[in-house]
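Good morning, colleagues. Please take a moment with the sequence and the model before I turn to some local backbone features and then to the chain as a whole.

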Amino acid sequence: MQKNLILVFGLLIGFLSNAQSLNVVKGKVLDADTQNSIENVEVLVKGTDITLKTGADGVFELQNVPNGEQIIAFKKIGFESQFYPITIKDNTIDLGNILMYVDLSQALDNSLISLSEDDLSDDEAGGADNVAGILQSSKDTYQRAVAFNFGQVWFKERGYDSSYGQVSFNGMPMNKISNNRPQWSDWGGLNDVLRNQEFTNGLAASESTFGNVLGTTNFITRASQYREGGKASYAFTNSNYDGRIMASYNTGLMENGWALSVLGSRRYAQEGYMEGSSYNAWGGFLAVEKVLNDKHSVNFTAFYTPNRRGKNSPNTQEVFDLGGLKYNAYWGWQGDRIRNSRMKEIKEPTFMLGHFWNINDKTTLSTNVMYQLGTIGNSRLGYKGVNPDPTYYQKLPSYDLRYPGSEDFGSAYYKTQKFLTDAPESQILWDDLIDANRTAGPDATYYLYEDVNDDTILGINSSINTELNDNIIINGSVLYKKITSENYALMMDLLDASYITDVDKFSSGRDAENDLNNIGRQVLEGDKFSYNYVIDASIIDAFAQAQFKFEKVDFYCAGNLGNTSFQREGLYDNGKYELNNFDSYGVGEKIDFPTYGVKAGLTYKISGRHLINVNGGYMTKAPSLRNTYFNVRTRDGFVPKSTTEKITSVDASYIFRYSGIKARLTGYYTTFKDVSKVSFYYVDGISGQGSVNSNFLTTAIYGLNKKNIGGEFGIEAQVTPTISITGVAALGQYTYDNNPQMDYEFGENRQIISVNNKDLYLKNYKESGTPQRGYSLGFSYRDPNYWWVSTNANLLSHNYIGVSEFQRQDNFYQDDFGNTESPVPFNEATQEKIDELLVQERFDSIFLVNLVGGKSWKVNDKYLGFFASINNLLGEEFKTGGFEQARKANFETLTEDEALETSTFGNKYWYGRGTSYYLNFYVRF
């Protein structure tokens with residue numbers, strides 16, 4: 001008995017000794033604002049396979065942590081990741097309470113996601129391209145600066161527009177075929193239910209899709225994954241809308257296996273920051289999930305965000321000088337109410353049904369079906385009389401002063417004063433347009449119509465994820481989408497006229513008929529007219545990926561195969577093409593774009609503090625619908641040499657993490673080849689011996705190459721437990737990399753005049769629409785009493801005007817336009833003068849200071865708080881974008897215009913906002 005006791009005692013001592021030698025790191029994770037425990041926080045030892053998730057009590061205990069210096073990481077969507085460096089050797093470390101802060105970027109997106117889209121989504125502005133960064137902002141210091149500090153100046157990460165990023169809901173891609181971009185307004189105002197997202201930066205591995213060079217964002221709307229509780233908020237701002245109200249509630253997964261999530265919101269303004277820009281947007285969201293058993297669950301999601309807003313006009317500098325930076329030419333008074341002629345209205349409800357199958361502990365399969373329908377409409381004034389635009393060049397002072405010696409100073413003074421005094425004549429005169437219609441007779445001289453895109457989309461995707469072993473994960477997905485898109489002009493308001501005859505005002509006879517099947521048709525309000533066609537499109541894609549994770553190195557490789565097809569059916573028989581070899585009416589030829597891509601990436605862990613990451617890929621991409629057809633509204637026929645875009649990209653990063661310091665240094669190189677672009681111009685000087693001959697042109701550019709190279713640097717230092725400092729630098733060079741070709745056509749005497757294979761001289765011109773350099777320095781203070789404040793100073797530069805491609809081809813300096821047999825250059829058109837005339841404008845550098853802060857309180861079991869931001873604190877005036885007008889089509893006419901004291905067809909610009917604020921109050925329960 002004594003021997004047995006001694007043996008048991010010895011074994012116990014040995015066991016305790018071994019137990020004490022285990023390296024253990026433990027603690028508890030809390031919400032810094034609420035002090036509540038946080039569930040499902042991923043806790044891991046960097047550079048190892050040791051990982052776990054916290055339970056409902058927030059407690060964690062990591063076992064068998066290797067001896068030496070380690071970094072313990074804490075990650076959860078919706079919170080800022082935390083990194084704790086430790087030194088451990090045969091002992092237990094209790095980290096105590098780990099405080100995780102709600103991700104500042106996701107607090108900011110209450111204002112910035114919706115505002116950025118609403119400001120910049122117009123295609124002609126090109127500004128929506130910066131929005132992709134908004135939803136990617138929660139990852140590191142550099143991306144947060146790009147999204148929030150740089151976003152107000154239309155900064156595009158690496159110069160990529162949003163068509164090179166993919167936004168998905170539950171794995172279903174949402175990018176539109178018309179321009180390959182996400183339609184952000186389809187989910188605007190749903191901020192509080194878009195917190196659960198999977199993000200990949202650039203070419204990095206994604207579990208649900210192959211992606212593109214700008215990365216991927218996948219919103220997960222499973223009702224069971226929303227945190228139980230509710231939230232209500234109200235926001236004030238002086239931006240595109242005045243106020244926003246939002247309320248949401250999530251049940252979490254209930255005992256009966258059901259989960260429910262609902263949200264409602266509204267944003268509104270009678271007049272936003274820009275004059276005449278009304279705003280009215282609603283948002284509704286519903287997600288219902290039923291967990292059938294441990295293996296299967298079914299989730300239904302529906303969201304609908306109808307919105308209608310007034311656009312603001314780009315203007316020449318002359319107009320801004322006269323009317324101010326808030327001037328908007330698109331509105332005017334009708335009676336005693338403001339009316340904007342350029343309204344954008346989006347009504348596209350979306351429904352999704354998903355099935356989620358846990359095949360076993362290692363493998364999951366998810367399948368989602370999506371159905372979306374509805375319309376996107378853009379209104380504008382049509383006219384057969386005098387142009388109603390108050391900034392039409394003949395209505396500006398510069399028109400009366402253009403010829404020295406024959407100036408009309410009286411008229412110029414009157415035109416100046418109408419802007420300076422905000423006279424009604426400085427805007428659209430709606431009542432005068434109505435009077436003109438009443439005087440002219442039953443056939444409208446002026447009318448308001450809408451360009452409508454009416455889409456019906458059915459999609460299904462299925463994705464599988466399986467963990468083969470502790471080191472290898474396999475991902476794969478298949479996708480099919482069917483799109484039927486009807487496009488037409490819709491008569492909205494005849495402005496007291498009885499009808500309008502459906503003809504082209506710039507043509508005559510049968511050539512003018514928009515539909516030869518209905519000659520002389522009288523169009524009433526609510527009728528389709530002018531053009532009408534249907535696009536049948538389909539997208540097929542398959543993706544596979546393998547991820548490998550080891551102690552010192554992680555790497556992945558992925559590939560995809562797909563096909564995009566378009567086929568046009570014309571519902572009108574346009575008279576312009578009756579005597580030409582073009583099909584306007586009926587089903588046209590189908591075009592297919594086979595696509596494929598390969599990519600791979602590697603992360604080498606020099607240590608827990610030093611990492612090297614490299615990614616590279618090659619992929620092809622189908623052109624957008626608008627860049628596939630030469631003139632899709634009026635006829636069948638493709639852009640010459642229609643082909644896929646070829647993209648090659650590589651990036652390399654050095655990542656440093658140690659003792660409160662996080663830094664990343666990245667270099668990247670990307671080329672885009674065989675890009676196509678379709679444009680429409682109204683130009684002077686396209687025929688005759690330099691004489692002014694005006695006409696509409698359709699141009700198609702093909703074989704365009706672009707090159708984007710640059711570097712990124714971001715660093716964040718936790719100077720004290722409450723103070724952090726950030727620094728960011730972006731240096732890029734985004735240029736056209738070759739001289740592509742262009743075809744164009746215009747109508748004359750019932751003939752379509754086509755000019756083919758013209759060389760464009762674009763090489764080394766800069767890509768427009770974004771600053772190519774940016775720098776930011778920020779300071780943040782987080783007080784233990786749950787308030788915080790931060791400020792940042794930003795410098796952005798090297799933003800360029802969008803060049804008119806048509807003015808950069810041989811015919812620009814030929815006296816006999818289009819005569820390829822014996823072109824005669826203008827006498828004074830030397831290369832030096834041409835280069836001087838066509839120099840690309842670079843905008844002034846921009847210096848912006850922003851201030852943000854917030855405070856939260858706990859009252860019983862509820863949490864109250866507010867968030868406030870002031871952008872452009874110093875009131876800097878700056879240009880965000882613009883384009884050259886192509887009206888003067890040749891050397892002689894452009895030279896004459898540029899020689900004037902004020903050009904009648906100068907560059908047009910968009911200006912950024914002055915000082916703007918956003919104040920949001922909320923309660924969580």
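Tyr-786 is partly exposed, with a relative accessible area of 29%; here buried means under 20% relative accessible area, exposed over 50%, and partly exposed in between, using a 1.4 Å probe and protein chains only. This is a predicted model, in which local features need pLDDT of at least 70, side-chain atom pairs count only at pLDDT 80 or more, and totals for chains, interfaces and linings use all residues. Residues are numbered from 1 along each chain as its sequence is written, and side-chain values use heavy atoms, with hydrogens and water left out.

Tyr-786 lies in the loop between strand E38 (773-783) and strand E39 (787-797). Helices (H or I, at least four residues) and strands (E, at least two) are DSSP runs, numbered from the N terminus. Although Tyr-786 is not a glycine, its phi is positive, at about 70 degrees. Most residues other than glycine have a negative phi.

His-798 is likewise not a glycine and has a positive phi, of about 60 degrees. Its loop runs between E39 and helix H9 (831-837). Is His-798 buried or exposed? At 14% relative accessibility, His-798 counts as buried.

I turn now to helix H8. This helix covers residues 430-440, and its buried residues are Trp-430, Leu-433, Ile-434 and Asn-437. Seen down the axis of H8, they fall within an arc of 100 degrees, so they line one face of the helix; the arc is that of the directions from the helix axis to the C-beta atoms. An α-helix has 3.6 residues a turn, so residues three or four places apart point the same way. The cover over the buried residues of H8 includes strands E19 (331-334), E20 (337-340), E23 (363-383) and E24 (446-467), where contact means heavy atoms within 4.5 Å. Just after H8, Gly-441 adopts a positive phi of about 120 degrees.

Finally, the whole chain. The protein chain has 10 helices and 44 strands, and 56% of its 925 residues count as buried. For 925 residues, a compact globule would have a radius of gyration near 29 Å, and the 30 Å of the protein chain agrees with this; the radius is taken over C-alpha atoms, and the globule rule is 2.2 Å times the number of residues to the power 0.38. Along its principal axes, the C-alpha trace spans about 120 × 60 × 55 Å. Among contacts with a separation of 6 or more, 70% join residues 24 or more positions apart.
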